[in-house]
Amino acid sequence: MSDFSRLRQALTIEARHSYPNLKGNTARFADFVRGELVRLLPEVPATARGHVEPLLIAFEGYAELTPEERARIVGGLQALLPRLGGPVATAGPKRVEKPEVKPGEEEDWRDRPVQFVKGIGPRIAQLLAKVNVHTVDDLLHYYPRQHLDYQKRVRIGQLKPGDSVTLWGTIKRVEAYNPKPKMSLITVWVTDGTGTIAARWFGKGGNKFQLDRQKSRFPVGQAILMSGEPKIDSFSGRIVFDRPEIQLLGDTSGADADSLHLGRIVPIYSLTEGLQLKALRKAMRTALDTYLPLVRDPLPAALREKLGMWTLKKALEEIHFPTSQDSLQEARRRLVFDELFWMQLGLAYRRAQQASKTEALELPASGEFVTRLKDLLPFQLTGAQERVFREIQADLASPKPMNRLVQGDVGSGKTIVALLSLLIAVENGYQGALMAPTEILAEQHYQKIGAWVAQLGLRVALLLGSMTKKEREANYRAIEEGLVHLVIGTHALIQDKVNFKRLGLVVIDEQHRFGVRQRATLRAKGQSPEVLSMTATPIPRTLALTLHGDLDVSVIDELPPGRKPVETVWARGREKREVWEKVREQLSVGRQCYVVYPLIEESEKLQEDVKAATEGHAWLSEEIFPEFTLALLHGQMPSSEKEAIIERFRTGEVHMLVSTTVIEVGVDVPNASVMVIENAERFGLAQLHQLRGRVGRGAAQSYCYLMSDSRSEQTKQRLSIMEATNDGFVIAEQDLKLRGPGEFLGTRQSGLPDLVLADLVNDTEILEIARNAAIRLVSTDPELDGRPLLKADLFRYFSANLSFLEV
Ligand code: ADP
Ligand code: MG
């Protein structure tokens, strides 16, 4: 590699990611640049050394600059590189000359600035930078956002409005005039023997001289090729062509004979002001002609053939300038595959790294506690619970670290599976920990699990942030001395002060509520314990593979027997009054009810949130249900108070719990059979489903009333889905369809590069193929050492976030 190439590459990558001051292996971008400048100083020709010091100063303050300012100094350094002694030192100051491209040359042509493409000058390069195209490689992968099919050749007599077509004809007449002062109109009549059609271009006006010059571009009698979409002119009612693409026979200004712009399937690119579609197509054509011969396919040929995939070369050619609709689909298939394949290969590689670095415990099940607990339980495990527990058991017994995510709809009985798993750790002489996202939930687990395991002669400790210092310290000691077998808590579990004697397994309940960092911290506790994650947020399989491609997923896809689906009704207007009567019926036969108020999206969010619930509570207890006991629960209360209230609800003393969304996760009171959700339109589908999961936990028929007067289409769709199904996976799929993957996932997750072409809703089949291919490659060669090119390209693909691969 030439000495400046690392610097050049860093500049390119930084630019490609819109100047975030990327963190590299050793340093942040700006510090890396300064280091390189100092290191390379001896090689800079004396005449150019004067540039270096100002650059050092500029990059010193880089972190404080706005993105625009950063772009300017990065661009400045890029432009100076040739003079500082980069490989193109002979280039003049203004314009970077295109060097000879030799295959096998050490420097990677893909990182060359787009200016290296013939016909792309500094001006177009600047415009391209605005759409994030900085290098030759960026350009080749700047896919069309759509294509127009001008392949269809038709005779004028057969034209139909709205079709994308191409036609041949002869110019019959031309007219140019100013219909209004600042407007010009040029009309060209074309005939092909079956009919005549007018092609029109409106313009900003012009004098007679200019109009005549425009007219003279269309000599009568000349043959002409036109592509576009004819439409009906609303004024004359006749069919016309507005602004068609044209080419005159014998016209050399359009450069090549087989035109890029008409008579074929043409690419449409996202543009930015000043960037012309035709100019971009031409640049793309040149880039393809120059660089496609250099493209090497990172995908092993055998694998490619087995999958029936096109070569990368062919796919890139055809995605830009397809020769047919079929070949466009094939090209897309290959490029979608690539995106998904890199992602899956990254996940598989990372997982192999983790496996080789982590020493895993081997925790075989002796059955001692597990069997005894199963005998104690008042119910039989469902088939799904048994199956998932067997999968967990196998993971624990194996010398490989466990990487399992258990998904189970609300109420599917994950807690007991968690407990059985923790008991295996205890059977092996280790401690187990269960981490929950809220104090309410931790407390509830503690009560339930504590009661069960006390009968096994085991001890459980609870750790909450809100405990007094004294309580906590007593617990720390017991944990450290190994006096307790199980510890249940919130993230208070991962405080520095908590030291386990011998931690064997950690179960993370509702794992999607924890950050990646918290999970990692927990993992680092003790002697690399095994980690099991659980979630009630069902993720469609495609997304699970995308996000958790490096996890094994077990699904508890069966509810305990006797559960009846929650009857769900959307109530609006007057119906709302009837709802309260239905609630009264339930309360009168001894059942309990939740009423939930939504978050209000305003600046004083928390206060407002509390206010709605507080007012609701006052109204319900005074006006509607004076004969019953109601209690209010919200997140601003001290946790001792929250616990006391939930306890009163659990024992049945409180009949109705009026709350904010604090009860969303996991509260388990089987006697509660009604849930009323106020302003249901404010909740997402996933959240509604979680909330509804608080009822329907016992044998009684349960009800969920969604109160909403909203008439928006979105509300209609969401609430009807809730009425139609209780299946969390179906709801999640619908949610994904309604919202699209980006929003569905919430904030950008997980450090994975963005997908450009691939569509997680529809490309599931390719995703599976890509995933299997990636897993197979890594399983035979975890370091990918046998495939250095593939490995290099993998790291290249993850260049913005290398730490993703380097666990
Ligand atoms: P979730 O998966 O939502 O965390 P829980 O673990 O809280 O569900 O279980 C919901 C309820 O179902 C609890 O009251 C639990 O005791 C009960 N339960 C769990 N498994 C079974 C089973 N196999 N048969 C009957 N009831 C069960
Ligand atoms: Mg649970």
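Predicted model: local features only at pLDDT ≥ 70, side-chain atom pairs only at ≥ 80, totals over all residues.
Reader: Let's start with helix α13 (residues 383–397) and helix α14 (residues 414–427). What makes α13 roughly parallel to α14?

Author: The two pack at an angle of about 30 degrees, with their axes 10 Å apart. Angles under 35 degrees count as roughly parallel, so α13 gets that label against α14. As for handedness, the crossing of α13 and α14 is right-handed.

Reader: Which residues make that contact?

Author: From α13 you have Gln385, Val388, Phe389, Ile392, Gln393 and Leu396, and from α14 there are Ile416, Val417, Leu420, Ser421 and Ile424. Sorted by class, the α13 contact with α14 comes to 8 nonpolar, 3 polar and no charged residues.

Reader: Now α15. Why is α14 called oblique to α15?

Author: Helix α15 (residues 439–454) and α14 pack at an angle of about 55 degrees, with their axes 11 Å apart. Roughly parallel needs an angle under 35 degrees and roughly perpendicular needs 65 to 115, so α14 ends up oblique to α15. This crossing of α14 past α15 is right-handed.

Reader: How do you know that α14 and α15 are in contact, and through which residues?

Author: Contact needs heavy atoms within 4.5 Å. On the α14 side, Thr415, Ile416, Leu419 and Leu423 meet His445, Ile449, Trp452 and Val453 of α15. By class that gives 6 nonpolar, 2 polar and no charged residues.

Reader: And what about α12 against α14: how do their axes cross?

Author: The axes of helix α12 (residues 368–376) and α14 cross at roughly 145 degrees and come within 7 Å. Glu368, Phe369, Val370, Leu373 and Lys374 of α12 meet a set in α14 that includes Leu419, Leu423 and Glu427. The class count for α12 with α14 is 9 nonpolar, no polar and 3 charged residues.

Reader: On to ligand 1. Which residues are the closest to it?

Author: Ligand 1 is surrounded by 17 residues, the closest being Gln380, Gly411, Lys414, Thr415 and Arg563.

Note on methods: Residues numbered from 1 in each chain as written. Chains lettered and ligands numbered in written order. Heavy atoms only, no water. Axes fitted to C-alpha atoms, helices over the stretch in contact; angles between N-to-C directions. Helix = DSSP H or I, 4+ residues; strand = E, 2+ residues; numbered from the N terminus. Parallel < 35°, antiparallel > 145°, perpendicular 65-115°, else oblique. Left-handed = near helix turned anticlockwise from the far one by under 90°. Nonpolar A, V, L, I, M, F, W, Y, C, P; charged D, E, K, R; others polar. Near = heavy atom within 4 Å.
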